[in-house]
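Trainee: I am new to this structure. Please take a close look at one part with me, then lead me on from there.

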Amino acid sequence: MAPRAFQPSTIAIWLFLLPGIVVYGGVVLTPLIGGFYYSLFETKNFQFHWAGLANYVRLWGDGDFWFTLRNNFIIILLSVIFQVTTAFIIAVLMNSRLVIAPKFLRTAIFFPVILSPVVTSFVWILVFDINSGLLNNTLEAIGLGGLQQKWLDDPKIVIYSVTVALVWQYIGLFLVIFLSGLSAINQETIEAAEVDGASTFQKTIYVIFPQLASTWSVAIVLAISGGLKIFEHIFVMTGGGPGLSSTVVAQYAYSQSFLRANFSYGNTIAIAIVVLSLTLVSLTIWAFNRFVVKDRI
Amino acid sequence: MTGRITLPAILINAALILFALTTIFPMIWVIYNSLKSTAAFSESIFALPSDPTFRAYVQIFEVGTVWTAMWNSLFYAVASTTLIVLLSYCIAYVLARFEFPGRAAVFSFFILGLLLPIPALLVPVFMQYRTIGILDTQFTLLIPYTAFGLSLAVFLMEGYIRKIPVELDEAAHVDGASLFTVMFVIVFPICRPIVATVALLSFLHSWNEFAFATTLIRDESYKPIPLWLRTFGGQYATDYPALMAGMVLASVPIIVLFIFFREKIVEGFAGGAVKA
């Protein structure tokens, strides 16, 4: 925007910006700098000793760290497959005039998004409860009692159980993202395809999909950054257990700090998560712009 | 409505409605089971309460810790929402209207907050708060709640202000209005729709937040409702109706807001995500 006749002094501009920058910088920027600083020390009995990059060397060789990171990637992969893709399919169906109550569907599917993670975690604790749970009881009621599981207590399946809870809660977010993407695409191209006799499937793949490339990029970025943000649900549902089986990186940083009182190492993990997340997000955006999105807005 | 009634259409509708029911049923199940006695619950977890009782709610209110938690949450949510609206409007207005050195940097700085893995900041923020000595106070949680709400708020507001013709501001200025008057008397009222969206989203986030609360607050008297629910859920793990009543209490304000303002809330979430 070109400078206008109506332009206050630079000082006046910064006076308006300053309060927000101070509050936000004090929670986002200075802790990151402080966190990096502490990660260069070693903690023993709440005493800090200079350690250089020793914590990062330890992190590189820490199998538990890689295991918890792998859990994040399982969640990310499953949310891209089940959450993002399902949301896309539902959005396309809802846009297709076949669906009788789109408003109700959208509101109902979006509803869990607004609930507190603590509440939804307890909802899923109750669903997965071995004896009184909704899931095991439903399985028994419909004669599939053989499929009953210790959903949150079996280390082999617990990571998938908690992923179900996450997918359930946030699928509505991806749905409204795709719906708003769909509402912005050119309806004439769809009608033209219909006139040419394209099937619903052909319309979706050849007409709608390419026009939604930037929406897909948003959804994938959100799934990746969201997958690395997971903390509260698992903290409440399983505490990361049994053992480490459902621990994600953010909780690993937390338990190293508060249970092992190793704040330096906790900070090291925190810094690693931030760097990793920003790198992955930038790479995804770059890859989409480079290879997929043709017409940037 | 105009679609023909064909078998695929019926199947698709049935599948979607079934799916939508699975998203709302668990919460409905929680609500009606909170009205059962423990005996009635263990008899059948599916049946509607034949003899509804408010026993669980009475019990929770008698213990009383829930009042403090509700008051705290209300305070955190209202105070942080007010701060977010005020601070983000100032920033967004200046970013949308003026060209100045550092403009792009300030904008990116705030957008960064949308991409940061926020739980990774728990330990560093805790360390900083411990060093300064501001853990466990009435205002401790206000700072992170306000800060993390700012990114999205700046984003939504900046986009909205940009669409208001700048000629309006200039005409007012020519007529002798000060910058302050232009911002708060002329333009702010026009921004009411986006202010409402920002306020709703901020309120929801602050009311629901758990991670920072559990990290920065130990003192019972400052615990917000999600933290209360987690403690309560641990103590009443076997009294399912009581746990469910606690979950309902923690969600009531959120559900009421959603019922009245669902269009605005959905719009805000969609708009915020697309810009991220």
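Trainee: Between which helices of chain A is the loop in which Ala261(A) lies?

Mentor: Ala261(A) sits in the loop between H12 and helix H13 (263–292) of chain A. Helices here are DSSP runs of H or I, at least four residues long, numbered from the N terminus. This is a predicted model: local features need pLDDT of at least 70, side-chain atom pairs need 80 or more, and totals for chains, interfaces and linings use all residues. Residues are numbered from 1 along each chain as its sequence is written, chains are lettered from A and ligands numbered from 1 in the order written, and side-chain values use heavy atoms, without hydrogens and water.

Look at the backbone. Most residues other than glycine have a negative phi, and most peptide bonds are trans. Ala261(A) is not a glycine, yet its phi is positive, about 55°. Its relative accessibility is 29%, so Ala261(A) counts as partly exposed. That class runs between buried (under 20% relative accessible area) and exposed (over 50%), with a 1.4 Å probe and protein chains only.

Chain A has another backbone feature. Gly241(A) and Pro242(A) are joined by a cis peptide bond, with omega about -5°. Pro242(A) is in the loop between helix H11 (232–237) and helix H12 (249–258) of chain A.

Now go to chain B. Asp136(B), also not a glycine, has a positive phi near 55°. The loop between helix H6 (122–132) and helix H7 (142–162) of chain B holds Asp136(B). Asp136(B) is partly exposed, at 25% relative accessible area.

Helix H7 of chain B also carries a charged pair. Arg162(B) and Glu158(B) form a salt bridge, with their closest N and O atoms 2.9 Å apart. A salt bridge means a side-chain nitrogen of Lys or Arg within 4 Å of a carboxyl oxygen of Asp or Glu. The two residues are four apart in H7, so about one helical turn separates them. Arg162(B) is partly exposed at 41%. Glu158(B) is buried at 6%. Salt bridges with shared partners join Arg103(B), Glu158(B) and Arg162(B) into one network.

Other pairs reach further. Asp239(B) and Arg55(B) meet in a salt bridge at 3.0 Å, N to O. Asp239(B) is in the loop between helix H12 (225–235) and H13 of chain B, and Arg55(B) is in helix H3 (residues 55–63), so the pair ties together parts 184 residues apart in sequence. Arg97(B) and Asp169(B) also meet in a salt bridge, at 2.9 Å. Helix H4 (residues 65–97) of chain B holds Arg97(B), and helix H8 holds Asp169(B), 72 residues apart. Both Arg97(B) and Asp169(B) are buried.
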